[in-house]
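Subject: Structure handover

Hi,

Here is the structure I promised to pass on. Please open it alongside this note; my findings follow below.

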Amino acid sequence: MTRSLTVRAAAKINLHLGVGAPREDGFHPLDTVYQAVSLYDDLTAYAADDWSLTTAVAAHLGEVELPAAGDNIVDRVAELLCARRCDDGCRPTARVEVSKTIPVAGGMAGGSADAAAALVALDRLWDLRTPDSEMLALAAELGSDVPFSLIGGTARGVGRGELVTPTDDFGAWSWVVVPDDRGLSTPAVFRHFDALFPDASPEPAPAQPVLTALASGDPVALAAALHNDLEAAAVDLRPDLGDLLARGESEGALRGLVSGSGPTCVFLCESAEAARDVAASLASTRPVVLTAHGPVAGAHVVDTSPFPEN
């Protein structure tokens, strides 16, 4: 029996994000390629007689607005797993602490990472032994990015992004990540995409160019293939992001890209050393500049504490 365990989950970036016109249900069909990168949230779950959830936010993320008590995605994970735990209804029992370093509302799936970490942690804490297929189905109920946060590495996502297949990736990719303390609403960016592109194709732009570049392991080839259909909408809402992308490329990045719906911007560099140089240059005018590498693992246990044996 486990007394406590800590699960680590990574941020994601979209190397390709093709967006089709909205369907009748309001969702946009996506063809995307995710990569998990080395920025993490850690979630620790302790055995307890009741339920509590606290979140500590890294200083570099600044003042961020977190969901109200009981409305966090981790609360939703607990409810879903609790329903599986007993048929006649039960209340979750655990003390959960989240340590966040992934940018909040930054297009890097920090909330999805927390959900994936909670699925792994609570499933093991409660000894549910949920099969992988069912775990992925639960993840898809929670959000389009959550299945990938479980899997990690590099993967292609279709549908709403929740149908995930790992893909060949023979590179070791070096990134500079520049968060922004002014978040961008994902629904607002999608609405602006619809306004900018009212005649968008029902089918999203295919991901094949990025998949081919990943298989080559060549950062120059990957830089040329990077694509994000939401970037134009994000930059139109926030023109300063366009200025930042241009600056990063002028400082030596192979390519700059808005991460998902933004406002975080990421820069692919030729090597770890080149990423450090670009980061140092951008840090002269930006309060927070991070370096990261990818791909890295999905949600995984990094520490456990068993109950002592009698």
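A residue counts as buried when its relative accessible area is under 20%. Ser149 has a relative accessibility of 4%, so Ser149 is buried. Ser149 sits in helix H4, residues 146–151.

Ile13 belongs to strand S1, residues 2–19. Take Gly143 as the other end of a second pair. Ile13 and Gly143 are 130 residues apart along the chain. Their C-alpha atoms are separated by 16 Å.

Now confidence. Please keep in mind that this is a predicted model. The mean pLDDT of the protein is 92. Of its residues, 97% reach 70 or more. Which element has the lowest mean pLDDT? That is strand S12, residues 300–306, with a mean of 84. Helix H10, residues 272–282, has the highest, at 98.

Next, helix H2, residues 110–125. H2 has 16 residues, and at 1.5 Å a residue they should span 22 Å. The expected span is 1.5 Å times one less than the number of residues. Is H2 mostly covered or mostly exposed? Mostly covered: 14 of its 16 residues are buried. After H2 comes Asp127, and its phi is positive, near 55°.

Then the packing of two helices. H1 covers residues 73–85 and H3 covers residues 132–142. They pack at an angle of about 140°, and their axes are 11 Å apart. That angle makes H1 oblique to H3. For an angle to count as roughly antiparallel, it would have to be over 145 degrees. The crossing of H1 past H3 is right-handed.

Last, the annotation. An unreviewed UniProt entry carries "domain: GHMP kinase C-terminal" for residues 211–283. In the model, that span is 59% helix and 15% strand. Its end C-alpha atoms lie 31 Å apart.

Best wishes

Notes
Residues numbered from 1 in each chain as written. Predicted model: local features only at pLDDT ≥ 70, side-chain atom pairs only at ≥ 80, totals over all residues. Heavy atoms only, no water. pLDDT = per-residue confidence, 0-100. Helix = DSSP H or I, 4+ residues; strand = E, 2+ residues; numbered from the N terminus. UniProt positions renumbered as here; feature names shortened; annotations may be inferred. Buried < 20%, exposed > 50% of the residue type's maximum accessible area, 1.4 Å probe, protein only. Axes fitted to C-alpha atoms, helices over the stretch in contact; angles between N-to-C directions. Parallel < 35°, antiparallel > 145°, perpendicular 65-115°, else oblique. Left-handed = near helix turned anticlockwise from the far one by under 90°.
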